[in-house]
Amino acid sequence: MQKDNTNRHEAQATYPAELRRSASVSGANTLNQKDEDFSLMESSDLVIKPQGGDSSVNLSAASPEKSKKTLGEPLVEEVPLKHKRKKQKKNIFALRLKQLQDKKHLFNFAKKEKPVIKDETKTAKVFKFIKSRHHSVFTMILKNVFFAIVGLGIFVATLSVDNVLFASQKEEEVKEYTYLHLSVDESVNVSLDGKTEIAKNGYQIQEGLEISTNSSDNVEIALLGQGVLRLASNTSLTFDKVDEKAKRYLVTLKEGSIWGNIQFDDYDLDIKTETVLVTPGASSFSINYDGNLTRIYADNHDIFVGIRDKGKTINSFWLAEGNQARISDSKVKNKADTIQKLLYSKLIKEFGYGRLSVKKIQDDPWLSVQKEEDVNYSNSVQASRLADIRKKGLRTLRAGSISSQTKALFTDLRTALTFSEKKKTDNLMDSIFANLQDAKYQYLQGDDTDAAIRLSLFKEDISDPAYISNTGFKQSLFNKLHEEFFSLQFAIPGDPIYPVKEQLYRELLSVNMRPYLNANFEFDLLTSKLNDVYDSIDDNPVDGISAFSDYTNTYKTVVAKYRNDIDKVGDQIVRQNVLVDNILFIYPELYSLSNFEAKQLIEEDYLLVVNKKADKKELKQTFISSKIDLLNRIRYFLFNDRLEADNARQIVFFLVRNIEDLQGDTLQLAAINELFEKRMQDIGVFWEYLKSPEYYDTNLHGSSHEERFEAFKSIQEKEITYQDIRKEILGKKEMEDLTVEKVLVQAEKDMESAGFSNIEFGFYEDVNQPRIPVLKAKAGGIEFRATYDWDRKLLSSIIVDEDLISADGVKLEKAKQFIYQAVSAKTKVIKRPVPKPVEPEEEDPQADVKNVAEVFMAQKFKQFGMIVTKDEVVVVDLKNGIYQIDNVYFENNRSAKFSFTYDSVEDMVIKLVVHTKKGDEEFDNAFEASLLEKIVKKVYEDSL
């Protein structure tokens with residue numbers, strides 16, 4: 001998973017820390033999958049071969065660079081914890097005893113209670129003795145002495161333990177800086193600050209160190225935690241930044257090949273070439289650079305690729321798993337201005353974006369060996385982390401036992417007697433997270449019931465109002481949740497320990513953690529869920545399908561928070577569209593109607609963040625192209641027995657209708673023929689085949705779908721084209737029970753549910769014709785006319801104030817927001833006089849809508865020849881459409897000023913005041929707005 005970041009486009013040539021995780025894309029971006037078939041997805045260009053030469057490795061130092069924090073740092077600074085210990089102690093005892101009772105009943109314990117161990121028996125006797133004598137003076141004295149001794153013991157122990165921990169922490173900090181080292185079979189020469197020495201296994205990498213390999217292929221750099229970089233022969237790179245404490249590295253690849261795997265830890269790594277910045281995030285990858293061409297391959301999960309010119313990132317894209325890209329330095333330098341403006345679909349075409357086939361990887365000596373090494377490496381990381389959990393064992397033998405209660409008491413006493421606020425917080429965190437650690441262990445042992453109870457206790461502890469109301473506690477909790485989550489990056493759906501990772505997902509995205517979340521972090525967590533799908537679906541499709549459903553639900557939840565300001569997360573929506581496109585292209589296991597509907601929602605969100613009309617059209621064409629790719633993939637998967645015919649038929653039906661929706665109201669078949677005819681060959685015949693069970697569902701015509709399809713084609717009297725099936729797919733609805741009246745009533749209900757009012761339909765008499773003319777309707781205070789497709793629930797040919805704001809179809813539920821945005825964008829270019837200073841007022845929640853309505857009214861009356869600006873329009877009653885227009889005049893008679901009240905619902909002037917030399921003439925009789933000029937003229941002339 002990747003961390004938070006700021007705008008990559010303002011990055012400098014030196015270490016651009018603020019480039020960490022945000023993919024700022026120029027204009028609107030999308031993924032254009034070009035490959036119709038695996039045989040067409042191979043690229044012969046990405047073959048990275050080790051070079052021959054000397055076996056030595058030379059290292060020299062470059063100038064070091066100062067370390068500094070960035071906005072991308074994931075962990076917030078800790079604030080001392082301040083709270084009342086007595087109240088918390090009481091809450092913890094009551095909470096854990098009650099939870100023990102509730103959870104035992106909830107999970108229906110069927111196992112026998114384990115015998116009380118020896119130390120618990122002694123403790124129980126002491127408490128029982130004290131309880132039985134609680135009325136006597138002797139008991140009171142004994143209790144006071146007992147707790148004084150215990151308290152003193154804990155106090156002394158606390159000081160000792162704290163000192164030991166402090167010393168060990170200092171020692172750990174020293175050791176932490178040695179985790180970054182060079183690992184090779186033979187010794188190598190190291191040159192740093194003009195000094196040369198021999199470096200062997202365990203050599204510490206330092207900032208400014210240059211590493212150059214010759215013929216040696218086994219140079220490995222172990223990064224802090226459990227990340228690794230492996231270098232091919234004839235590779236030269238420099239560590240421009242080494243900040244082990246912040247876990248941040250910047251590497252410049254001068255030439256050669258790097259394979260990296262940093263998917264198991266949360267730290268930042270950037271790798272630069274002359275015109276490329278690669279931010280791998282939680283992924284494995286390969287980068288090759290020959291001095292002009294940078295070849296990048298994303299092996300596991302996605303990586304960010306920034307295109308750089310003169311030290312700044314000018315455009316960027318996401319390289320999805322299994323894909324490659326090729327960026328030429330000369331092309332970037334010669335076409336920098338053009339590249340900066342390219343939309344996503346054209347950008348990726350410019351740099352050879354496409355899938356790297358399995359065959360190409362197998363034929364490449366470097367890539368094939370590294371993939372094999374990576375499997376072993378990943379397995380070793382998982383094994384070591386699981387072994388560490390098992391080695392630690394249980395922190396508490398049984399949840400709710402006497403020993404666990406006593407331990408909680410001692411923890412509270414020790415915390416109360418600790419002077420350092422930070423240590424108090426650490427002690428409390430250690431106690432609370434004991435249940436999480438025990439849940440991990442119990443899941444690995446197969447005791448899911450006890451593990452679930454401990455997870456529940458953990459959740460209750462971190463939600464305790466006595467704790468969560470403290471800011472310092474919440475900050476420390478966020479840090480700890482963050483750390484624990486990344487320690488379980490290896491866990492995937494289906495693993496015994498995965499429920500713990502799921503719990504951490506939920507807690508990080510909870511309301512309590514909201515102050516420490518931002519859009520990039522939330523979307524990175526969302527992407528991590530999609531990575532779980534990639535990692536699990538091959539081994540266990542059921543878990544992968546369930547994980548994808550979880551991803552789509554989480555996407556809706558996360559995006560809903562930014563629905564009213566969706567432009568802020570535009571880059572992240574681009575990223576999600578790219579990744580979901582890619583995963584659907586690869587895995588037929590995910591081919592269900594609900595998943596394709598979820599993908600369509602992402603595309604609709606993508607269209608919302610694109611502002612220019614021309615860009616929207618290009619983006620829609622890209623979506624159409626992608627859906628044609630998927631139509632061909634459906635046939636490929638069906639012919640290879642990876643998809644059921646019934647499922648294929650449903651999705652083909654959906655995709656064809658979706659393509660037509662994207663075409664909107666411009667359904668010229670000629671345009672479709674010109675753009676897509678070659679790519680849509682056989683789609684018509686394929687659709688008819690999917691409708692013919694006597695062929696696809698029997699072996700009479702062949703043993704495979706491909707053979708039966710060929711047999712079906714041979715009996716066709718004529719070739720069935722895409723145009724032949726368009727009307728069939730788009731018009732296949734039962735019309736017998738429909739009447740014009742029913743259609744119009746339902747259409748009005750649909751539009752009212754979408755937020756429209758004052759709806760007036762035009763002439764409509766044929767239910768087989770789905771398009772109904774809308775002569776008039778209102779979106780808030782904005783009046784418009786359009787065409788409504790009641791079958792597909794689309795508004796097209798939307799006209800506001802005689803301006804066509806969209807010829808293409810817009811989904812009905814999003815049309816109101818689209819109209820607001822279109823009118824707002826139009827009014828931004830109107831020059832307005834500088835308003836006079838006014839006293840600050842309370843913020844009006846409907847201010848934006850009122851602003852649009854005022855501008856709309858001003859433009860409306862300008863058509864009558866009236867001199868009026870937005871400042872003369874006042875919203876009296878937005879809901880009922882009442883406006884006051886003051887001190888205006890007509891172009892052909894500027895002496896006759898007047899004011900009036902206008903009812904936009906009835907299109908009537910309901911009050912008029914003409915300002916004459918003799919005084920104001922008032923009229924309260926309502927009349928049509930079109931008569932306004934004649935009445936004003938007559939009243940003014942009569943007053944002279």
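Is K529 buried or exposed? K529 is buried, at a relative accessible area of 8%, where buried means under 20%, exposed over 50% and partly exposed in between, computed with a 1.4 Å probe on protein chains only.

Before I go on, please keep in mind that this is a predicted model, in which local features need pLDDT of at least 70 and side-chain atom pairs count only at pLDDT 80 or more, while totals for chains, interfaces and linings use all residues. Residues are numbered from 1 along each chain as its sequence is written, and side-chain values use heavy atoms, with hydrogens and water left out.

Let me stay with K529, whose salt bridge partner is D550, the closest N and O atoms being 2.7 Å apart; a salt bridge here is a side-chain nitrogen of Lys or Arg within 4 Å of a carboxyl oxygen of Asp or Glu. This pair links distant parts of the chain, with K529 in helix α16 (residues 519–536) and D550 in helix α17 (residues 541–560), 21 residues apart. Helices are DSSP runs of H or I with at least four residues, strands are runs of E with at least two, and both are numbered from the N terminus. D550, for its part, is partly exposed, with a relative accessible area of 27%.

By the same rule the count comes to 34 salt bridges, and one of the others joins D942 to K938 at 3.0 Å, N to O. D942 is exposed at 52% relative accessible area, and K938 is exposed at 53%. There is also a network of salt bridges that links R563, E604, D605 and K814.

Turning to helix packing, the axes of α11 (residues 434–445) and α15 (residues 498–508) come within 9 Å and cross at roughly 150°, the axes being lines fitted to C-alpha atoms over the stretch in contact, with angles from 0 to 180 degrees between N-to-C directions. The two helices are therefore roughly antiparallel to each other, a term used for angles over 145 degrees. In this contact, meaning heavy atoms within 4.5 Å, L436, A439, K440 and Y443 of α11 meet P499, V500 and L504 of α15.

Finally, helix α23 (residues 683–690) is mostly covered, as eight of its eight residues are buried, among them F686, W687 and E688.

Definitions and conventions: Angles under 35 degrees count as roughly parallel, over 145 as roughly antiparallel, 65 to 115 as roughly perpendicular and the rest as oblique.
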